[in-house]
Amino acid sequence: MSSPQPPRAVFAMDPVHLPLLFPPPLMDRLARTADIDPARVVRDFADPAAAGALAAAEVLITGWGCPRLDAGVLAAAPKLRAVLHAAGSVRSLVGEALWSNGVTVCSAVTGNALPVAEYTLAMILLVGKDAFAHRERYRLTRARPGPAETAATGNLGRRVGVIGASRVGRRLMELLRPFDLTVLLHDPYVGPAEAAALGAEPLPLEELLRRSDVISLHAPDLPETRHMLDRDRLALIRDGGVLINTARGALVDHEALTRELVSGRLSAVLDVTEPEPPPAGSPLYRLPNVFLTPHIAGSLGNELARLGSIVVEELERLAGGLPPRHRVRHADLTRVA
């Protein structure tokens, strides 16, 4: 009895990402599972040089830099039955034509959640120790802080408000469990029992903002969440509160946030902004109460191989006739990234 033919697969992404997403051991597993040319990476679906590969493709392995998958892609790849995305959200990648034609879409978003949660955990613990402010003072004074300067410092019982029980939010709450912190949660889709199972107290957004010492954003970027932290809601955060944003800059009214930060009333850890990067003259670059990083919380460097590994596992399941573990449903896009 002949064995089934391996699926024909094609890479579609910016080729600069390929070696980190699929280092040699993972590329070898791909080659054993699918009929794929590691040297062919499509960046333009209208490129005549890619026509033959697309016409035969049953699987597209996509990543950052992949063009939008629309009706034109279906016309160029009539055998397409699965898209395996070696990155996070597929919201802006997959068009209606693929959803309506029943193409299976999978994403490595769960793999990308871990480094974001790790980054956020590190920042929560550091701001609890007031590490960034102490660094600034130490540079100026060359002296250890006295008791008066550390009286409000420490992580014992600090209240961490998590906005959004997304994949990152849930992973963060899991990572927070070993610490002596109080976790508060706002998510309209999570009830009291589920919140308790996550180790958090569920609260309306306004109450969470009032009660939290540190607020960490993990909500999706949707029309209804745009500027969810506006001037009025930012004003609810207690004096000395810290906002951490590793989600999307659009969740915050940055004009209102900048005014709060310039006043010194609040502090912030911002890995994402709106716009991104901030304008050259933005105070965010120079304020001592702002820790600004260039969108590094997600998978970088050797962490990209985790995303590639998820895609390889999904391809192996697809080739073996098994259901995928990381499938994205069209209906889910109304409430997730």
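1. H2 passes H14 in a left-handed crossing. The structure is a predicted model. Helix H2 covers residues 24-33 and helix H14 covers residues 304-319. They pack at an angle of about 15 degrees, and their axes lie 10 Å apart. Angles under 35 degrees count as roughly parallel, and H2 and H14 are therefore roughly parallel to each other.

2. Next, the residues behind this packing. From H2, the contact draws on Leu26, Arg29, Leu30 and Thr33. From H14 come Ala305, Gly308, Ser309, Val312, Glu313, Leu315, Glu316 and Ala319. By class, the contact of H2 with H14 has six nonpolar, three polar and three charged residues.

3. Strand E1 (residues 9-12) pairs with strand E3 (residues 59-62) in the parallel sense, over four bridges. Ala12 stands opposite Thr62 of E3.

4. A further strand pair is E6 with E7. E6 spans residues 159-163, and E7 spans residues 182-186. The two run parallel and are joined by five bridges. Within the pair, Val162 has Leu185 of E7 as its bridge partner.

5. How many of the five residues of E6 are buried? Four are, so the strand is largely enclosed by the rest of the structure.

6. H6 passes H9 in a right-handed crossing.

7. The H6 side of this contact includes Val109, Thr110, Ala113, Leu114 and Val116. Also on H6 are Ala117, Glu118, Thr120, Leu121 and Ile124. H9 contributes Arg167, Val168, Arg171, Leu172, Leu175 and Leu176. The contact of H6 with H9 divides into eleven nonpolar, two polar and three charged residues.

8. To set the two helix pairs side by side: H2 passes H14 in a left-handed crossing, whereas H6 passes H9 in a right-handed one.

Conventions:
Residues are numbered from 1 along each chain as its sequence is written. This is a predicted model: local features need pLDDT of at least 70, side-chain atom pairs count only at pLDDT 80 or more; totals for chains, interfaces and linings use all residues. Side-chain values use heavy atoms; hydrogens and water are left out. Axes are lines fitted to C-alpha atoms, for helices over the stretch in contact, and angles run from 0 to 180 degrees between N-to-C directions. Angles under 35 degrees count as roughly parallel, over 145 as roughly antiparallel, 65 to 115 as roughly perpendicular and the rest as oblique. A crossing is left-handed if the near helix is turned anticlockwise from the far one by less than a right angle, and right-handed if clockwise. Contact means heavy atoms within 4.5 Å. Ala, Val, Leu, Ile, Met, Phe, Trp, Tyr, Cys and Pro count as nonpolar, Asp, Glu, Lys and Arg as charged, and the others, Gly among them, as polar. Buried means under 20% relative accessible area, exposed over 50%, partly exposed in between (1.4 Å probe, protein chains only). Two strands pair if DSSP finds at least two bridges between them.
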